[in-house]
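Subject: Structure handover

Hello,

Here is the structure we talked about. Please open it next to this message; the findings follow below.

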Number of protein chains: 2
Amino acid sequence: MEKTARAGLERVSRPRLYEQLVEQILAYIESARLRPGDLLPAERDLAERLGVSRATLAQALVALEVLGVIDVQHGTGAVLARRPSVASVIKGLREHQSRLPEIVEARSTLEGKLAALAAERRTADDLAAINDALDVMAREINDGDRGTHGDELFHQAITAAAHSSVLAQLMAFIAEMILETRMESLGQPGRPEQSLASHRKIADAIRAQDPAAATEAMLAHIDLVSDVELLR
Amino acid sequence: MEKTARAGLERVSRPRLYEQLVEQILAYIESARLRPGDLLPAERDLAERLGVSRATLAQALVALEVLGVIDVQHGTGAVLARRPSVASVIKGLREHQSRLPEIVEARSTLEGKLAALAAERRTADDLAAINDALDVMAREINDGDRGTHGDELFHQAITAAAHSSVLAQLMAFIAEMILETRMESLGQPGRPEQSLASHRKIADAIRAQDPAAATEAMLAHIDLVSDVELLR
DNA sequence: CTGGCTCACTGGACTAGCCTCTTAGACAGT
DNA sequence: ACTGTCTAAGAGGCTAGTCCAGTGAGCCAG
């Protein structure tokens with residue numbers, strides 16, 4: 001897939017049976033008031049009730065297992081994970097896919113910390129990658145582009161420079177949601193230049209190894225970038 | 001089997017073929033230097049090469065899709081997601097399962113923010129849930145228990161009171177790793193009482209709707225709780 | 001050059017069957 | 001009575017084979 005953008009066509013998402021089954025099973029868990037440790041109905045039984053084959057149901061169960069909702073045990077059955085909250089969280093998230101304010105909130109929390117860590121831990125290589133990203137973005141803007149690629153590179157470089165794989169994973173988790181925000185923001189006239197300027201401020205603070213300044217600059221940047229969204 | 005680890009018995013986890021396939025495919029992606037947008041080999045081909053049936057491979061592909069590594073398109077094939085970093089992040093995370101310092105880092109980042117948000121947004125119900133959690137933990141400690149259940153309830157109540165589903169989901173993501181830390185920490189003599197006292201401080205700040213104090217109290221609490229870990 | 005058609009190739013799903021694992025209960029032996 | 005062993009029912013794991021449904025390149029007629 002390529003330029004999906006906000007204006008572009010979205011590839012029609014083919015329906016996948018297992019995705020539908022995940023939703024149904026989630027709904028079933030809720031409606032049946034199942035508690036952690038409880039067992040789901042047997043595969044053969046469940047498959048028949050849902051009107052699908054066991055093979056397809058097995059895919060849905062794998063998905064639920066990866067999502068952390070259930071734990072499938074050979075010979076016993078599919079038992080609800082001890083942390084039932086995730087089920088509702090995931091459901092809630094699917095429903096209102098893009099709660100922009102919350103995403104911005106999560107993003108500033110993570111990236112503020114990442115910027116501080118980057119300032120403390122960045123190596124010369126990290127710094128080089130950050131500078132490269134700035135150059136890429138500057139070149140893109142010069143060419144009349146929006147600079148989205150450079151923007152993404154920049155934030156990835158910051159994340160890498162923080163040297164925290166756990167935080168990096170959390171960023172990856174919300175990266176997709178952020179992408180939409182990014183595209184929209186950089187579509188504003190004059191915005192790419194402003195964004196680049198605030199990137200430079202962040203980079204300066206990281207180069208100077210000043211964590212507090214880095215966090216501050218990052219938060220200001222995210223504020224700027226998210227500004228337009230919230231006015232909708 | 002024998003008693004794994006210091007605490008309770010762990011149920012032996014039987015190997016699941018699809019999990020193994022996920023690892024192998026991840027390794028293949030890396031070794032073949034596949035880039036975002038590239039196609040994985042066809043299912044029939046891949047299944048044969050890996051020596052498994054298509055049905056099993058399909059499960060592995062579902063897992064990879066849920067993990068955000070690939071995007072399976074009907075009629076085209078399995079294409080690598082535009083964000084290849086997750087693949088390496090996931091692999092990296094599996095390798096050194098518990099980088100305690102990094103987990104503590106991520107936890108304090110998230111929970112510090114959650115505490116501040118909880119102070120701003122908590123409803124009367126949220127407050128009641130927080131108080132309930134304190135009571136549960138107090139009772140547990142009184143009974144000579146470690147108070148792990150109350151501890152967990154408390155942190156869940158704070159998360160809920162912050163009213164941010166995105167941050168809540170990120171917390172759920174690292175909750176399992178935190179669990180290990182929690183158990184170990186509360187096993188220290190005198191630690192449950194200290195932990196409960198710092199919980200009360202956090203609750204006070206949230207009751208008083210003082211975000212800064214809430215964050216500070218939460219960070220102090222996590223510092224306390226994580227203290228012993230780092231000395232190992 | 002355009003439009004429509006075909007066909008090879010891709011994933012999607014199902015069926016039927018056999019395997020292994022778990023567990024409860026029968027049935028000893030103490 | 002207690003305890004250990006065995007067994008069979010029922011759970012999930014996996015396979016092989018089959019058919020259906022999209023995709024896209026290439027051919028061919030207009």
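First, DNA strand C. 22 residues surround DNA strand C, and the closest are A:Leu17, A:Ser53, A:Thr56, A:His74 and B:Glu43. A residue is near a strand here if one of its heavy atoms lies within 4 Å of it. Sugar and phosphate make up 68% of the atoms of DNA strand C that come within 4 Å of the protein.

Some ground rules. This is a predicted model, in which local features need pLDDT of at least 70, side-chain atom pairs count only at pLDDT 80 or more, and totals for chains, interfaces and linings use all residues. Residues are numbered from 1 along each chain as its sequence is written, chains are lettered from A and ligands numbered from 1 in the order in which they are written, and side-chain values use heavy atoms, with hydrogens and water left out.

Polar contacts to DNA strand C

A polar contact is a pair of N or O atoms within 3.5 Å; within protein, one must be able to donate a hydrogen and the other to accept it, and residues adjacent in sequence count only if both atoms are side-chain atoms. The side chain of A:Ser53 places an N or O atom 2.9 Å from a phosphate oxygen of DNA strand C. B:Arg44 reaches a base: a polar side-chain atom lies 2.9 Å from a base nitrogen of DNA strand C. The elements giving two or more residues to this surface are helix 3 (54-66) of chain A, plus helix 2 (43-50) and strand 1 (70-73) of chain B. Helices (H or I, at least four residues) and strands (E, at least two) are DSSP runs, numbered from the N terminus. By class, the surface has five nonpolar, ten polar and seven charged residues. Ala, Val, Leu, Ile, Met, Phe, Trp, Tyr, Cys and Pro count as nonpolar, Asp, Glu, Lys and Arg as charged, and the others, Gly among them, as polar.

DNA strand D

23 residues lie around DNA strand D; A:Glu43, A:Arg44, B:Arg16, B:Leu17 and B:Thr56 come nearest. A backbone N or O atom of A:Glu43 sits 2.7 Å from a phosphate oxygen. The side chain of B:Arg16 has an N or O atom 2.8 Å from a phosphate oxygen. A:His74 goes to a base, with a side-chain N or O atom 3.3 Å from a base nitrogen of DNA strand D. Two or more residues each come from helix 2 (43-50) and strand 1 (70-73) of chain A and from helix 3 (54-66) of chain B. Helix 3 of chain B gives the most, with three residues. The classes here are five nonpolar, eleven polar and seven charged.

Cores

A nonpolar core is a set of buried Ala, Val, Leu, Ile, Met, Phe, Trp, Tyr and Cys residues joined through side-chain atoms within 4.5 Å. Buried means under 20% relative accessible area, exposed over 50%, partly exposed in between (1.4 Å probe, protein chains only). The largest core has 44 residues; A:Leu40, A:Ile70, B:Ile25, B:Leu40 and B:Ile70 touch the most other members. A second, separate core of 24 residues includes A:Val166, A:Leu170, A:Ile178 and B:Ala106.

Chain A

Chain A has ten helices and two strands. Of its 232 residues, 48% count as buried. A:Ala81 lies in the loop between strand 2 (77-80) and helix 4 (85-95). At 14% relative accessibility, A:Ala81 is buried. Its C-alpha atom is 4.8 Å from that of A:Ile70, eleven residues away along the chain. Leaving aside neighbours within four places in sequence, A:Ala81 is in contact with A:Pro36, A:Gly68, A:Val69 and A:Ile70, where contact means heavy atoms within 4.5 Å.

Chain B

18 of the 22 residues of helix 5 of chain B are buried, so this helix is largely enclosed by the rest of the structure. B:His155 lies in helix 7 (residues 148-161). B:His155 is buried, at 5% relative accessibility. Its side chain makes polar contacts with the side chains of B:Arg107 (3.4 Å) and B:Glu111 (3.0 Å). B:Asp227, in helix 10 (residues 211-230), is partly exposed, with a relative accessible area of 43%.

Best wishes
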